[in-house]
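Reader: Could you walk me through this fold, one feature at a time? I would like the general idea first and then the case at hand.

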Amino acid sequence: MTLPNFALHADAIIPIAGPEKIVTGKSLIVRNGLIEGLVLTEDARQIEDVEHIDLPGHTLMPGLVNAHGHAAMTLLRGYADDMPLARWLNDKIWPTEGKWVAPDFVRDGTEIAAAEMILSGITTTSDMYFFPDVAAQTLSSAGMRTQIVFPIMNVPTSWASDAREYLDKGLGLRDHFRNDELVDVGLGPHSTYTVDESLLSTTAMLANELDAAVQIHLHETQAEVLAHVDATGERPIDLLARIGLLGPRTQCVHMTDLGNQDIDTLVQHGAHVVHCPRSNMKLASGACPVTKLRAAGVNVALGTDGAASNNKLNGLAEMQSASLLAKLESGDPTALSAIDSIKAATLDGARAMGLDTVTGSLEAGKSADIIALDTTGLSMAPSHSLDSNIVYANSGTEVTWSWIAGKNVLKNRQLQTLDNDTLNDKARAWRAKLSG
């Protein structure tokens, strides 16, 4: 497919990388799906072999990176609210999934999730759920850049009956997408309480052999950590370190219950943390100590988690919540500044997923994963500080244009790869099934 070459003329650019926090007076040039560079606008307008797209009142940013999610769970949005994690999982979510999760559930839920993410500026997402082959194809068809971490558990589900089947199917999926530009497949051991040590050790061996990404729910609540210590005498993170599952390709999701020794272990092994602020707050799971982690040199990315526990997949909302929660958790009003929060939602997320040479910043040679935000609304007036407005004053609806690998997926707030009416029809049909 031939991609259009184009120049974006906006009021400001937040490139994330480079010496300037905010760039004005320049335009962004894209050729063959890649960023060619930032050029003085007066010079850029003289380029004849590109389409010129004028975006007055807009700011350009890298597309947001959602480093942890369960896309198909959009169909369970609002299905089980206002209860703690253990009861939410055991009494509501897992029984419902056991009854309903199948390829059509995953396809429809993932399509709705993809639309919601694109509308809020997310261009790259990580997904951990059953029937990952369906999720991968659905997200790819929507044009999204995706990390699929196929589930690994000791629990039989509709997708796999035992550990061997989880691994065989997942590794087959990885092989199928090995040369795909938009899809990367890693390993997704669910947690230390659903995966035994033997299977975690096998996962570690495979991840090291394949140099594959690993994502795992870890230290999500204090109760989880205490239960593991009571049962084994060891903290969950120490188990991962001991068996070789903790390393530079490991993405540790949630991490709300951390002592200084746990942070030291993360630093020692170079692992990443994926912070899901809204989900953790809603489930009262705790607050990830983002300030301490970043001060120690741990890379912290942002994730939405699933819509069943958030209840939305909005990249701008997650960025805002992360910054506010960091200040409350640390007691420090300077914690996770506006620009640091934007970086966590873009380049730091790409880095956690091993994609920082591809996406996460607006630099020459990187993929054209770009969003344009309308920053002219009254909620952002007067505009004393652009990055502050984008983080603290956003309503989550400011994204009007989006490109992924140079392909336009959102134009004037209209989805280009998905149909809004069709998705609403599917959502209504699933509401009737699930409530029947």
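Author: Strand E14 (residues 399–404) and strand E15 (residues 407–411) are antiparallel partners joined over 3 bridges. Strands count as paired if DSSP finds at least two bridges between them, and the elements themselves are DSSP runs numbered from the N terminus, with helices (H or I) of at least four residues and strands (E) of at least two. This is a predicted model, in which local features need pLDDT of at least 70 and side-chain atom pairs count only at pLDDT 80 or more, while totals for chains, interfaces and linings use all residues. Residues are numbered from 1 along each chain as its sequence is written, and side-chain values use heavy atoms, with hydrogens and water left out.

Reader: Which residue in E15 is the bridge partner of serine 402?

Author: The general idea is that strands of a sheet pair through backbone hydrogen bonds, either parallel or antiparallel. Here serine 402 has leucine 410 as its bridge partner in E15. Isoleucine 404, for its part, stands opposite lysine 407 of E15.

Reader: And which residue in E16 is the bridge partner of leucine 410?

Author: That is leucine 415. E15 and strand E16 (residues 414–415) run antiparallel, with 2 bridges joining them.

Reader: What is the order of the strands in the open sheet of 8 strands?

Author: The order is E3-E2-E1-E4-E13-E14-E15-E16, and the pairing is mixed. Strand E3 (34–40) and E16 are the edge strands, each pairing on one side only.

**Reading backbone angles**

Reader: Where does histidine 254 lie?

Author: Histidine 254 is part of strand E10 (residues 250–254). Although not a glycine, histidine 254 has a positive phi of about 90 degrees. With a relative accessible area of 0%, histidine 254 is buried; buried means under 20% relative accessible area, exposed over 50%, and partly exposed in between (1.4 Å probe, protein chains only).

Leucine 336 is another non-glycine residue with a positive phi, of about 40 degrees. Leucine 336 sits in the loop between H12 and helix H13 (338–344), and counts as buried because its relative accessibility is 5%.

Reader: Which residues does the cis peptide bond with omega of about 10 degrees join?

Author: That bond joins asparagine 310 and asparagine 311. Asparagine 311 belongs to the loop between strand E12 (300–302) and helix H12 (315–330). The peptide bond from alanine 381 to proline 382 is cis too, with omega near -10 degrees. Proline 382 is placed in the loop between strand E13 (370–374) and helix H15 (386–392).

**Burial and distance**

Reader: Is glycine 354 buried or partly exposed?

Author: Glycine 354 counts as partly exposed, because its relative accessibility is 45%. Look for glycine 354 in the loop between helix H14 (347–352) and E13. Glycine 354 and arginine 249 are 105 residues apart in sequence, yet 7.2 Å apart in space, C-alpha to C-alpha.

Reader: What is alanine 44 in contact with, leaving aside its neighbours within four places in sequence?

Author: Contact means heavy atoms within 4.5 Å. On that basis alanine 44 is in contact with His9, Ser27, Ile29, Val39 and His52. Alanine 44 is found in helix H1 (residues 41–44) and, at 0% relative accessibility, counts as buried. Alanine 296 is 252 residues from alanine 44 in sequence and 42 Å from it in space, C-alpha to C-alpha.

**The whole chain**

Reader: How many helices and strands does the protein chain have?

Author: The protein chain has 16 helices and 16 strands. Of its 436 residues, 59% count as buried. The C-alpha trace spans about 65 × 45 × 40 Å along its principal axes. Among contacts with a separation of 6 or more, 71% come from residues 24 or more positions apart.
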